Amino acid sequence: MQFEMFSTLLILAVSTGHLAHALDFKVVDLTHEQNPSTIYWPGNPNYNFTILFRNRTSKGYWYESNTFQTAEHGGTHLDSPAHFAEGKKRQHQIPMEKLVGPGVIVNVKAKSAENPDYRVTIDDLRAWESKYNRLPKGAVIIMNSGWSLKYPNKTLTFGTETPDDASTFHFPGWHEDTVNWLIKNRDVNVVGVDTPSTDYAQSTTFPVHVALGEADIPGVENVANLDEIPESGSIIYVAAIKLYDGSGGPTRVFATMVEDGMTGRSSKLLLSSVLYILSAIIVFSVE
């Protein structure tokens, strides 16, 4: 009797659409597509896409198959810890639970517009926390410098008229002191940027890459569309391919968030769903 009552109430919650509608959410793609315009650091081979077959077969059905080649570190991609730290995790060794987390977007667009060599500071993080509270555990924290709007123009993205000469690059990144503070004082899953490197362009020793690698924290670079998600309140997924022995690889980054910030109709429906289930639990317990 108790189980039947519990099942009935739960079915009512689902069948009347309470659970489905209560969990309405929006998905935002944060990824630049892989194509011949994909940007790579100088010295990497260019993207290549070859059609193997794209036609009707002799039996009448349509069939497509292709092959593609890409360097690991191009476009929107993940840096595995092993990229700059010997003995740390390679791409296939990163646990899935470390590639997702509460989204933290650090807006430094105005500062980066004034100074293309800007580096995210500890004060920038404190300003975020003063507005939204302490960084959530397991955060995917990404710098928003506005740089993704320049992609895939190489000259604009690398901030130079000579995009094949890395010594002339100018774009923002993280300051190593800030990343070391994050590692020591907060719990983050991924650190990212909307530029080609977590280190700012003029770095020659890449201390941010090294610090993240030694801490076994992946980095994600060339993230897109950050203006389309809130600075706090999303969940960001860094869906890197499980490349065996890889030091990184192409990644589909996307964010989800509840529509309208869980206000109005959605929040009421969620409350109704919770009440349905609580009622079922109470009846089950009493009986």
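Which residues form a nonpolar patch on the surface? Leu-52, Phe-53, Tyr-61 and Tyr-63 do, with about 420 Å² of accessible area together. The model is predicted. The protein has 287 residues, and 41% of them are buried. Its secondary structure comes to eight helices and twelve strands.

**Overall build**

- Among contacts with a separation of 6 or more, 75% join residues 24 or more positions apart.
- The protein exposes about 15100 Å². Carbon and sulfur atoms supply 55% of that area.

**The surface patch**

- Tyr-61, one of the patch residues, sits in the loop between β2 (48-56) and β3 (62-69).
- Tyr-61 counts as partly exposed because its relative accessibility is 47%, between the 20% and 50% cut-offs.

**Nonpolar cores**

- In soluble globular proteins, nonpolar side chains tend to be buried together.
- The largest nonpolar core here has 22 residues. Val-106, Ile-141, Trp-174, Leu-182 and Val-191 have the most contacts inside it.
- Six elements each supply at least two residues of this core: β5 (100-107), α4 (122-132), β7 (139-144), α6 (176-185), β9 (188-192) and α7 (207-214).
- A second, separate core has 19 residues. Val-28, Val-220, Ala-240 and Val-253 are among them.

**Helix α4**

- Asp-124, Leu-125, Trp-128 and Glu-129 are buried in α4.
- Seen down the helix axis, the buried residues of α4 fall within an arc of 135 degrees, so they line one face.
- Asp-123, Ser-130 and Lys-131 are exposed on the other side of α4.
- An α-helix has 3.6 residues a turn, so residues three or four places apart point the same way.
- Arg-126 and Asp-123 both lie in α4, three residues apart, about one turn of the helix. Their side chains meet in a salt bridge, at 3.7 Å from N to O.
- Asp-123 is exposed, with a relative accessible area of 53%. Arg-126 counts as partly exposed, at 46% relative accessibility.
- Just after α4, Asn-133 takes a positive phi of about 85 degrees.

**Helix α6**

- Which residues of α6 are buried? They are Thr-178, Val-179, Trp-181 and Leu-182.
- Down the axis of α6, these buried residues fall within an arc of 155 degrees, so they line one face of the helix.
- The cover over the buried residues of α6 includes β6 (119-120), α4, β7, β8 (173-174), β9 and α7.
- Leu-182 is also one of the residues with the most contacts inside the largest core.

**Salt bridges across the chain**

- Side chains of opposite charge can pair when their charged atoms come close.
- A search of the whole structure finds nine salt bridges.
- Arg-252 pairs with Asp-29, and their closest N and O atoms are 2.9 Å apart. This pair links distant parts of the chain. Arg-252 is in strand β12 (residues 248-258) and Asp-29 in strand β1 (residues 25-29), 223 residues apart.
- Asp-29 counts as partly exposed, at 29% relative accessibility.
- Asp-216 pairs with Lys-89, and their closest N and O atoms are 3.2 Å apart. This pair also links distant parts of the chain, 127 residues apart. Asp-216 is in the loop between α7 and β10 (219-221). Lys-89 is in the loop between β4 (77-79) and β5.
- Asp-216 counts as partly exposed, at 26% relative accessibility. Lys-89 also counts as partly exposed, at 30%.

**Backbone points to check by eye**

- Most residues other than glycine have a negative phi, and most peptide bonds are trans.
- The peptide bond from Tyr-151 to Pro-152 is cis, with omega near 10 degrees. Pro-152 lies in the loop between β7 and α5 (154-158).
- Phe-206 is not a glycine, yet it has a positive phi of about 50 degrees. Phe-206 is found in the loop between β9 and α7.
- Asn-222 has a positive phi, near 60 degrees. Asn-222 lies in the loop between β10 and β11 (232-240).
- Is Asn-222 buried or exposed? Asn-222 counts as buried because its relative accessibility is 2%, under the 20% cut-off.

How values were computed: Residues are numbered from 1 along each chain as its sequence is written. This is a predicted model: local features need pLDDT of at least 70, side-chain atom pairs count only at pLDDT 80 or more; totals for chains, interfaces and linings use all residues. Side-chain values use heavy atoms; hydrogens and water are left out. Helices (H or I, at least four residues) and strands (E, at least two) are DSSP runs, numbered from the N terminus. Buried means under 20% relative accessible area, exposed over 50%, partly exposed in between (1.4 Å probe, protein chains only). Contact means heavy atoms within 4.5 Å. Accessible areas come from the Shrake-Rupley method with a 1.4 Å probe; for residues, only the protein chains shown count as cover. Patches are made of residues with over 30% relative accessible area and no salt bridge: like charges are joined within 9 Å, nonpolar side chains (Val, Leu, Ile, Met, Phe, Trp, Tyr) within 5 Å. A salt bridge is a side-chain nitrogen of Lys or Arg within 4 Å of a carboxyl oxygen of Asp or Glu. A nonpolar core is a set of buried Ala, Val, Leu, Ile, Met, Phe, Trp, Tyr and Cys residues joined through side-chain atoms within 4.5 Å. The arc is that of the directions from the helix axis to the C-beta atoms.
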